[in-house]
Amino acid sequence: MRVPLSWLREYVDLPATETGRDVQAKLISVGLEVETVEQLGDGLKGPLVVGKVLTIEELEGFKKPIRFCTVDVGQANGTGEPQEIVCGARNFAVGDKVVVVLPGAVLPGDFAIAARKTYGKTSHGMICSGDELGMGDDGSHGIIVLPPEHEVGTDAIELLQLVDEVLDIAVTPDRGYALSIRGVARETATAYGLTLSDPALLDVPQPNAFGYPVQVADPMGCDRFTARTVTGLDPEARSPLWLTRRLQKAGMRPISLAVDITNYVMLELGQPLHAYDRSRVQGPIGVRRAEQGEKLVTLDGVTRTLDAQDLVITDDRGPIGLAGVMGGANTEIDDTENTTTEVVVEAAHFDALSISRTARRHKLASEASKRFERGVDPQAASAAAQRTVDLLVLLAGGTADAGVTEVIAPSAPHTITIPADHPDKVAGVAYGRETVVRRLQEVGCDVYGQDELIVTVPSWRPDLTDPNDLAEEVIRLEGYENLPSTLPKPPAGRGLTDRQRLHRRIGRALAGAGYVEAPNYPFVGEHVFDQFGLTADDPNRKVVKLVNPLSDEEPALRTTLLPGLLGALRRNDGRGSHDLALFETGLVFHPREELKIAVRLPVDRRPTDEEIASLTEALPVQPRHAAVVLTGAREQAGWWGKGRPSDWADAVESARVLAREAGTELIVRGGQYGPWHPGRCAELAVVVEGVEQVIGYAGELHPGVLKSLGLPARTSAMELDLDALESASAGVPKGPKISTFPVATQDVALVVDVSVPHADVEGALREGAGELLESIRLFDVYENAAQLGEGKKSLAYALRFRAGDRTLTVDEASAARDAAVALAGSRVGAVLRG
C-alpha cells in the first residue's frame, strides 16, 4: 500500500515538521511494515510552468517527426515573449495547455535544462511528459496536456503536486484495514496520540424502496449490498489533476472519471466498489453462486469458465461480474466512446474465503480481491457508496437518484471476554487495567467490565478473534521495544534427555576428530538404491513416499544418510575441495508393517495420551543414524611429514569414536553389504539385552558405486544406528580411575592365518588377560611367506598391565600375558612368534 504523506495529512493533523521518515518510524513502532519512503520530486527545481502552444512548425528532412513550437509562458521567462521549443511528441495541438520546463531548471535524476541547438533550431526548454517529471504512468505515454482552465505561467510544481513523500507499506494478511488511507491514518493518529478525522463519517440517507433492485441469493457469500444510482453525468468530464495525481502516487493508473472515482474511494476507505453503465444492465442485479461451466468475459477481455463455488454478480442475461474480483465486459463503462450518462454504484461486502479461492482459482488477483480476502469493513459500504455518489455529482455534474438500496444479512457484533490482566501475563509487563482499556479503545473497541473485560471488536478488525489478539494490540501500541529482555525460567527437573546428550557428545567428538557436519534434506530418489547395489529384498528399499515432494526426482524419505552425505562430498570435490571428512546425524524413515491413518487431533483441548499414542503409531519408524564419509588426505603433508590418505580404517575408527562416547562395547568384524567393498567392509554390532545386533557398516566403498555416483577413488564411509548404539550403552561414560602404581608392559607377536580378523585376536587376548589388563594396542602387522609360512601373518600387540592397589610383579604380568596367549591359541589358532 502506497500512502502519500500529503493525503495522510488530510485525516491526521501531523506537525508540519514531521517528515516521511518520522512517520515511518512511528508506524513501525506500532507494528506496520513500512518498507521505504519514496521522495517524489527529489532534486526537482523550477522554473516549471503552465504554457499555451501558440504555433507548431513541422520540420522536414529528419528520420523522425520533429516539431518547432512557440509557447506562451507568461512572465515566467522574464520577457513575456513566446518560448521557442523543439519537441518530438505529437499528442498536442495549437491552443493546448502544456507543462514547460525553462532553462535553469533541474528535472528528477539531476537532469539540468539549458538552451541548446538541435535539428537546426535552438530549443529554449522542454515540453514535458509525465515520465520526465517522475509522475508515473498516466496512461497517455506522451506530453501532459492540461485542462484549459489553468492559467499560463502558473507554477506546475505545485499544480501537479510533484513534491511529496510516499510511504510504501507491506500489509500483512491480518491487517487488511491498512490497505486504505483511512486505516493507515487511524494507526498514525494512535501512534502520535492525535485525533483522527474519519473520512467514513458521512451523512448517508436511509434505504428505501426506490433504489435499483438487488436480489441476494447467497447471504453467506454476500452479507451486505448497497446500490446507488447517479444520472445526468457529463460523458466528456475528465478526472481533475488532484484526483489523477493521488491515484498515480498510490500506484494506480488513471482510466476514466467514473473508474478513477471508485478507485479513489477504495484507496481512501478500503471498500472496493464497482460502477456499472446503467444502460447496459438488464433487470435487477443479483448475487449468487455460479453454475458449473458458466462463461463470463471479464474486464481484461478473458473468457472465463466459472466454477460452482464462484460468487457472481448477475442481471437477466446471466453473470455480469466476478464478485469481489473483477467486473464483466458487458456492463463496462466505455471511456472511448464517452456515452455513459447513468451509473449504478455497487458497494458490497463479500465472504473473504470465497473471494480468496475464486481469485486463486482463476489466477486473477486484483486490488479488490486483495482487500476482500484480508477483510473489509462491512459497515463502510454505505459510506463508500455515498462518497462515490458525492464525487460523481461534484466532478461529473450528475444528479444523485433518491433511491437507496441496501440488502443486509442480520449479524451481531463480535465480542471477546478477556481478563484485564491477560496482556500483562502475555507480555510479562504490568500494564494495568487503565492502560489495557485505553489501548483497546484506541483500536476502536468498546470495552466494559472491571476484572473481566467484555470487548466488542470494531467492524474493520475481523482479525481480532480471541484474547491473545487483544493482548497483541495492547503490547504493540505500548511498544515492542519497551518489552524487557528476560530469560525464561524452566521448571526444575527438565533439560536434555539422555538421547539428546548422547547426540551432542557424538557431534562434538566427530568434530574434534576432524569431521565437518553437513546436514542434508531427508529426501531420496529410489534409483540411488540401484546405484548402491542393494538387493531387491533389502529393507532399505521400502520407503515412505511423499504426496507433495519438493522434487519429483526425490519423492521418498531417506532410509539411509549416505545418499545425502555422498552428494555433499561430490559437490565439494567438484568445487576444488579434495580432502574431505563429513558427518551427519539425523532421522531415517521406515514404513510400519501395518499402515494406520492418523487421527485428527482436537484444537479445543489438549489431546489425551491415547490420542497422541495413536498419532505416533501412524507415523513411520524414525531411528536416528550417524554417518561419515571421507576422501583425500586424512593427515596433511608438510614440513612435519609426508601426510597420510584416508582409508577404510579411518571409517572404522569413526564408529569406535561413537561407541566410546556411548560407553558401548562395539563388535567389529568382516562383513559385506550394499555399497561397501566386499574385502574392505567391517560389520558393526553391539549386544543388546544379551542378543547381538548388527547396527551398521564401515569401510571403503565399492569401485562400481564410486563410478556410478561420480565420487573420488578410495572414498570410505560409515553408517550406524545411534538409537541401537544407545540401547546397548551402559550410560554416560565414567572417567577412568588413575592409579598411582606403575604399569607393566608386555609385547607379544602372534602368528595366525591371514583370514583371521584382528578383532577376534584382540578379543581373545583381552578376555584371557583378565582384570589386570589396562589396555591393548596393535602396533605391527607383518606378512612374509618365507619366514611365517604360506597364508600366515604376524600381529604384534602391546599389553599394559596395572593393579589399582599394588605394584605388579614380573611373574604376575607374565602370567597374565601367558593366559592371554593361551586363550588366543585355543580360540583362533594363534602361535607365539619366534
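In this predicted model, Y697 is counted as buried because its relative accessibility is 15%, a value that falls under the 20% limit for burial. W676, at 4% relative accessibility, likewise counts as buried. The two residues form a tilted aromatic pair, with 5.9 Å from centre to centre and 35° between the planes. Since W676 belongs to strand 36 (residues 676-688) and Y697 to strand 37 (residues 691-701), the pair ties together parts that are 21 residues apart in sequence.

Across the whole structure, nine aromatic pairs are found. In one of them, the ring centres of W242 and Y264 are 5.5 Å apart and the planes stand at 85°, so the pair is edge-to-face. W242 lies in helix 5 (residues 241-249) and Y264 in helix 6 (residues 257-269), so parts 22 residues apart in sequence are tied together by this pair. W242 counts as partly exposed at 30% relative accessibility, whereas Y264 is buried, with a relative accessible area of 1%. Ring pairs also link W7 with W242 and Y264 in a cluster.

Charged side chains also lie over aromatic rings: the charged end of R186 sits over the ring of W460, 3.9 Å from its centre, and R634 lies over the face of Y515, at 4.8 Å from the ring centre.

Turning to the strands, an open sheet of four strands with antiparallel pairing has the order 40-41-39-42. Strand 40 (773-782) and strand 42 (831-832) stand at its edges, each with a single partner strand, so one side of each is left without a neighbour in the sheet. Strand 40 is joined to strand 41 (residues 792-801) by eight bridges, and L773 has F801 as its bridge partner in strand 41.

Note on methods:
Residues numbered from 1 in each chain as written. Predicted model: local features only at pLDDT ≥ 70, side-chain atom pairs only at ≥ 80, totals over all residues. Heavy atoms only, no water. Pairing = 2+ DSSP bridges. Helix = DSSP H or I, 4+ residues; strand = E, 2+ residues; numbered from the N terminus. Phe/Tyr/Trp six-rings, centres within 6.5 Å; stacked < 30°, edge-to-face > 60°. Buried < 20%, exposed > 50% of the residue type's maximum accessible area, 1.4 Å probe, protein only. Lys NZ or Arg CZ within 6 Å of the ring centre and 35° of its normal.
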